[in-house]
Amino acid sequence: MTFIWNELRDLRDAVDLGTPPRDGQPVTLSIDGVDTTVPARSSVLLAATIAGATVPKLCATDTLECFGSCRVCLVEIDGRRGYPASCTTPVESGMVVRTTSEQLVKLRRGVVELYLSDYPDSDIDGGWSQFHTTLAQVGLEEGLPADHPYRGGDTHADVPVDESNPYFLFDPAKCIVCSRCVRACEEIQGTFALTIAGRGFSSQVSPSQGESFLASECVSCGACVQACPSDALIEKSLFPEGYHRADPR
Amino acid sequence: MTTNVYVPCDAIALALGADDVATAIADQAAARALDVRVIRNGSRGLFWLDPLVEVDIDGVRHGYGPVEADDVASLFEAGFLGGAAHPLSLGPVESIPEFAAQTRLTFARHGVVDPRSLDDFVTHGGFAGLRRALTLSPDELLVEIETSGLRGRGGAAFPTGIKWRTVANAVATPKYIVANGDEGDSGTFADRMIFEGDPFCLLEGMAIAARAVGATHGVIYIRSEYPHSIATTQAAIDAARSAGWLGAAIAGSELSFDVEIRVGAGAYICGEETSMLESIEGKRGTVRFKPPLPALEGLYGKPTVVNNILTFASVPWIVANGGAAYAAYGVGRSKGTLGVQLAGNVARGALIEVPFGITVRELVERFGAGTRSGRPVRAVQVGGPLGAYFDNAGLDVALDYEAISDAGGLLGHGGMVVFDESVDMATQARFAMEFCAAESCGKCTPCRVGSTRGVELIDRISAGTRREANHEQLLELCDVLEHGSLCALGGLTPYPVRSALRLFPGDFGLVTDVAQ
């Protein structure tokens, strides 16, 4: 048991396992035909990562409890209906998991197209965030095609940037509402300064209740910036000339 | 001798002026020095006759309806207290064909009793189920529920017995019983009728569940849009507690169980069980991923039975009469009866309790008497705003979870909304996406972003902008919503959209639809 934990800890330095490592009895399951052993209570995403599979993910990271909102880590599991999110599905002995299939590729791409329909074109080329990695993983590194039917719809491109904090800024246009910042503030820092306000398409990261980052309970710890997978929360030091949004598409 | 006159206090009857009618009856009786006692009962569910005034003559309830306050004087003049003829006479209420043709098990006391009167409840068979439950072991009780074949009436139709046994087998304590009354589906009102017509029945069902699984505390979640329900149910809780039917050592038994009401704040998504649990815990109403199942880690992370109001209200009859008696009704895996709610453009809006197996056409045409406008029925949406549309030719589908599922739909909470020929189904498909966009909790991306894109795509299809490309994208989006969403809101929104596209493509300008 301890052996498995230590092995995971070693791995963790290099790879984001997707969900926090757990202690537990060894459980063996099949990932894409390869038998993989992980501690009980681990997620299928963690097992798949250890097995060497590349499962795209956005809301999942191994420093935060799983959340299940981004819907790009979907997999197929024998005997289960539909396409369970691998981050929120605990491993079971004998489980047979497929991390890729024609339908999964299509489904993940379909979800990421929705993200892209509300993400600035100008920030796609040359981006280095986890969001950009995910784009490449699903074959959308060029962004949404110019004639894609999702184009021309409602976006958050005109929501103002919050530059109130001296150390970092928040650009809602690049926010994918994965709640990693909210959860980092809660789970890592214990400050509870962030929440999601609004419902549906209006859902947005909000410091306190509609306050600026500086006016909120935020203590500038930076946990949210580190957790953000899409550069919506980003250090100001990266923009010595000041932060300027490119013209919206 | 006192004559008992019943005037319903259900919200629909109130909206139709029942309070004024009740006042007018009391005033006329006083003016004529007649010994009349006005009792406020629940509704019989025959809404086209509401306010339905009933006079008890030698134990037979004679109906007059729909009564307006202005009719009351003429009723007295005609001698309605003796059951005399009047243009509004309906004869014995239980002989009204649409009522007589029903099988009232869950709704047996509806419209018969004063919903706030514990004595009335007990006189009409109330607590017979709980009394029997207290003589059974929890396992015997679970067997009765399993034998009945009862499935969750909120929409998911999950076998209630399996759910309860899962909670019973859970080791953690305390355990909770949560009744979901966040009845947000358009065209549904069965939960509201339980709250306003027979709330003790709900309390009895919850107490039986507590006995079966070993729970000590219950929560009834009622939407804020139901003020009369909240008041009536609270009155019932208070009365039951005072009489020892809630609290410690119920009816002198080992069972200790109490109930409180939590009021929603206007979010449809809080009818989704995990969002409701978040809401009860005082958090933002967002969906939890499963597993863990609420049965094992539900309210405050403890084992929790979450069922719809109708499910709990069906339990007392089952336990009083035996699971086998309930399972004798219905067809296939759909056992027992369902309180079907007829709404929309329908001549006779009603709550109709019937055994499973009847066709949707019989419900709409025989009980609902077709459309209110008199035009032919063009479409019926079965199962709430996330249910599929059926065209007129498809109405012969049986009221049966599996049959409706095989036909591409879902039975949901049993609501049916009728549309006539004037309906534009592209507008209805747009409404489905718009509804999802307005009610999405915002957690998962297919629902959060996809619903808004869906509205935009349908608008472009309707406007004739790149119609084929947008249509193709809409179908792809429906796949993403169905397979990618975290919960049933995003997962089921494609049902009305796809069915509208499939059955009524002409309304979207997609093809010249000769059939329409």
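Which side chain does A:Lys174 meet in a salt bridge?

Author: Happy to, and keep in mind that this is a predicted model. The partner is A:Asp123: the two side chains meet in a salt bridge, at 3.8 Å from N to O. A:Lys174 counts as buried because its relative accessibility is 5%, and buried means under 20%. A:Asp123 has a relative accessible area of 25%, so it is partly exposed.

Now stay in that loop between α3 and α4, and go to A:Asp121. This residue forms a salt bridge with A:Arg151, and here the closest N and O atoms are 2.9 Å apart. Again the pair links distant parts of the chain, 30 residues apart: A:Arg151 lies in the loop between α4 (130-137) and β5 (168-170), and A:Asp121 in the loop between α3 (102-116) and α4. A:Arg151 is buried, since its relative accessible area is 19%. A:Asp121, at 27% relative accessibility, counts as partly exposed.

Chain A has 6 helices and 8 strands, and from the N terminus on they run α-β-β-α-β-β-α-α-β-α-β-β-α-β. Among its contacts between residues at least 6 apart in sequence, 63% join residues at least 24 apart. Buried residues make up 54% of the 249 residues. As for charge, chain A carries 20 positive and 34 negative charges, and their mean positions are 6 Å apart.

For a contrasting pair, hop over to chain B. There B:Arg361 and B:Glu365 meet in a salt bridge, 3.2 Å from N to O. Both lie in helix α15 (residues 360-367), 4 residues apart, which is about one turn of the helix. B:Arg361 is buried at 18% relative accessibility, whereas B:Glu365 is partly exposed at 38%. Also in chain B, salt bridges that share partners join B:Arg44, B:Glu54, B:Arg61 and B:Glu94 into one network. Over all chains, the count comes to 41 salt bridges.

Definitions and conventions:
Residues are numbered from 1 along each chain as its sequence is written. Chains are lettered from A and ligands numbered from 1 in the order in which they are written. This is a predicted model: local features need pLDDT of at least 70, side-chain atom pairs count only at pLDDT 80 or more; totals for chains, interfaces and linings use all residues. Side-chain values use heavy atoms; hydrogens and water are left out. Helices (H or I, at least four residues) and strands (E, at least two) are DSSP runs, numbered from the N terminus. Buried means under 20% relative accessible area, exposed over 50%, partly exposed in between (1.4 Å probe, protein chains only). Contact means heavy atoms within 4.5 Å. Lys and Arg count as positive and Asp and Glu as negative; His and the chain ends are not counted. The place of a charge is taken as NZ of Lys, CZ of Arg, CG of Asp or CD of Glu. A salt bridge is a side-chain nitrogen of Lys or Arg within 4 Å of a carboxyl oxygen of Asp or Glu.
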